[in-house]
Amino acid sequence: MDNMTYDVVVIGAGPVGENVADRAVQGGLSVAIVERELVGGECSYWACMPTKALLRSTAALRAARQVPGSREAVTGQLDAAAVLARRDSFASNWNDEGQVSWLDSAGVKLYRGQGRISGERVVEVYSADETVTTLTARHAVVVATGSSALIPDIDGLREAKPWTSREAASAKAVPGRLVVIGGGVVASEMATAYTSLGAKVTMLARDGVLHLAEPFAGERVTASLREAGVDVRIGAEAVSVTRDEAGTVHLTLTDGEQIAADELLVAIGRVPNTQEIGLDTIGLKPGSWLTVDDALRVDGAGDWLYAAGDVNRRALLTHQGKYQARVLGDAIVARAKGEPVDTGAYARYAVTADERAVPQVVFTEPEVASVGLTAAAAEKAGLRTRVIDYDLGAVSGSVLHAEGYQGQARMVVDEDRKVIVGFTLVGPDVAELIHAATIAIVGEVPIDRLWHAVPAFPTVSEVWLRLLETYGR
Ligand SMILES: Cc1cc2nc3c(=O)[nH]c(=O)nc-3n(C[C@H](O)[C@H](O)[C@H](O)COP(=O)(O)OP(=O)(O)OC[C@H]3O[C@@H](n4cnc5c(N)ncnc54)[C@H](O)[C@@H]3O)c2cc1C
Ligand SMILES: NC(=O)c1ccc[n+]([C@@H]2O[C@H](COP(=O)([O-])OP(=O)(O)OC[C@H]3O[C@@H](n4cnc5c(N)ncnc54)[C@H](O)[C@@H]3O)[C@@H](O)[C@H]2O)c1
């Protein structure tokens, strides 16, 4: 058994762990990072990158078909094999050499194996060759172990070996018939991808499609999925599942209806990867989300234990986890140097955006891009708001962008402070537009000042002007 001491030990080398480690090294600390699978984590190999690669070809084809002149140049269908091959390259063929050499160049020491806390500031690494290395942290242990797919207790489901997001992101072939359980982000994106790749998709959206977004987002995505041939069943729920010897999956729904499919994707949320990280040795419950304070310190542990990324459940998104990582890495350095660490709103060591301005793009057709609060969430938070909607298809830039462009924009204004607290865009190719709203919310730009932010003509961004005109001066 080896014993090594570092300033910081990070468990989990996903996007979040890598960024905490990088910032701490840049601040002059020594850092060890522990990874049990591939350096780069879920996002690189089984989530963001491969799924967006699957979706990009569909979006490009749709865009070409929406413009007369280029439409005529499209003479065939999506080439599923080529799409899957491009996806493979975006998942680096599930090889982490590139990210390992980046860790090396960043000066972060990698330990491969399962990391397990065994007491205050101590992490044991269990390697595949059965050696155990003990790592001691002088300043901090950071848990960045991410999350895995939640499998619900549906009779026979586990035995039927369903796809999770991992298999959907890395499949080598397109199933003929795919049933998707769920109506959230993964379910909607994967239904979009697989229907365009040629699968006959049925979506069992018990609680609706994208039901936490503005209602018009779910409505427009549902309509478009149905138009693309997806059988979207709102309110439907499976009660039992079997897979027969030929490999066909059979689902029984609550009303007794039977559905047969070649594959079944379960996409109903996530569980934290904390079952086997030794939480019991420090008085915490294995398998629980790690709730943290404003400094990302784990509640109920000492001042040496931090959690960032999916595992703290603040925002299950790569960019937001990396934001936490940058802030946390810098804060650990500051504390190690004995410098003051201000975690007040929008201070250097605060993760204020987690509460006020989390952007997200759902890469469905149409895309859903949002940041901050929905109208319903703002009302629930007790804000006095005014909600301004505008038909995105009525903007000159949109009409030019695509024939029959359809979409909607919503701006939620806090009437007491006269600033925007939420913004949602639904429409083709709106992903790149959302950052303007993120800046407006984080900068707390007064509505009066926004009149001076003139959108270029003829762009889709002109919707900003139309929203302001609708709001009135
Ligand atoms: C299908 C899908 C698509 C997504 N698309 C997007 C998107 O487009 N944009 C976006 O922003 N977000 C997206 N997300 C969310 C995004 O993937 C996560 O928010 C992000 O990966 C979280 O990063 P993380 O570093 O916290 O965790 P992870 O990426 O899960 O990394 C955690 C790492 O820790 C390792 N680990 C776990 N336990 C241990 C242990 N005990 N010892 C050693 N190592 C351990 C794991 O092997 C893993 O490498 C998507 C998620 C899914 C499921
Ligand atoms: N483009 C992106 O940003 C992107 C893409 C994919 C995933 N993600 C992230 O990954 C996370 C996980 O995504 P997800 O889609 O698995 O979760 P989700 O939380 O987005 O959606 C889960 C859905 O499943 C439903 N559900 C819950 N329990 C159910 C049950 N027993 N039966 C049927 N339906 C049930 C919920 O009502 C919800 O609609 C999300 O939080 C998201 O932030 C992001």
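This is a predicted model: local features need pLDDT of at least 70, side-chain atom pairs count only at pLDDT 80 or more; totals for chains, interfaces and linings use all residues.
Colleague: Which residues come nearest to ligand 1?

Modeller: The nearest are Gly12, Gly14, Gly41, Gly146 and Gly309, out of 38 residues around the ligand.

Colleague: And which elements give two or more residues to that shell?

Modeller: Five helices do so, namely H1 (15-26), H2 (41-45), H3 (48-65), H6 (165-170) and H9 (318-336). Strand E2 (31-35) and strand E4 (114-119) also give two or more.

Colleague: How do the shell residues divide into nonpolar, polar and charged?

Modeller: There are 15 nonpolar, 16 polar and 7 charged residues in the shell around ligand 1.

Colleague: Which domains does the shell draw at least three residues from?

Modeller: Domain 1 (2-45 + 91-148 + 271-353) and domain 2 (158-268) each supply at least three.

Colleague: Turning to the open sheet, what is the order of its strands?

Modeller: Its 5 strands run in the order E17-E18-E21-E20-E19, with antiparallel pairing. Strand E17 (359-362) and strand E19 (385-391) are the edges, each pairing on one side only. On average, neighbouring strands are turned by 10° against each other, ignoring direction.

Colleague: How many bridges join E20 and E21?

Modeller: Strand E20 (residues 408-414) and strand E21 (residues 419-427) pair over 7 bridges, in the antiparallel sense. Arg410, for instance, has Thr424 in E21 as its bridge partner.

Colleague: Which strands does helix H8 lie across?

Modeller: Helix H8 (residues 215-227) lies across strand E18 (367-372), E20 and E21, and its direction is at about 5° to E21.

Colleague: What about helix H15?

Modeller: Helix H15 (residues 463-471) lies across E19 and E20, running at about 130° to E19.

Key
Residues are numbered from 1 along each chain as its sequence is written. Chains are lettered from A and ligands numbered from 1 in the order in which they are written. A residue is near a molecule or strand if its C-beta atom, placed from the backbone, lies within 6 Å of it. Helices (H or I, at least four residues) and strands (E, at least two) are DSSP runs, numbered from the N terminus. Ala, Val, Leu, Ile, Met, Phe, Trp, Tyr, Cys and Pro count as nonpolar, Asp, Glu, Lys and Arg as charged, and the others, Gly among them, as polar. Domain bounds come from an automatic or database domain assignment. Two strands pair if DSSP finds at least two bridges between them. Axes are lines fitted to C-alpha atoms, for helices over the stretch in contact, and angles run from 0 to 180 degrees between N-to-C directions. Two residues are in contact if their C-beta atoms, placed from the backbone, lie within 7 Å.
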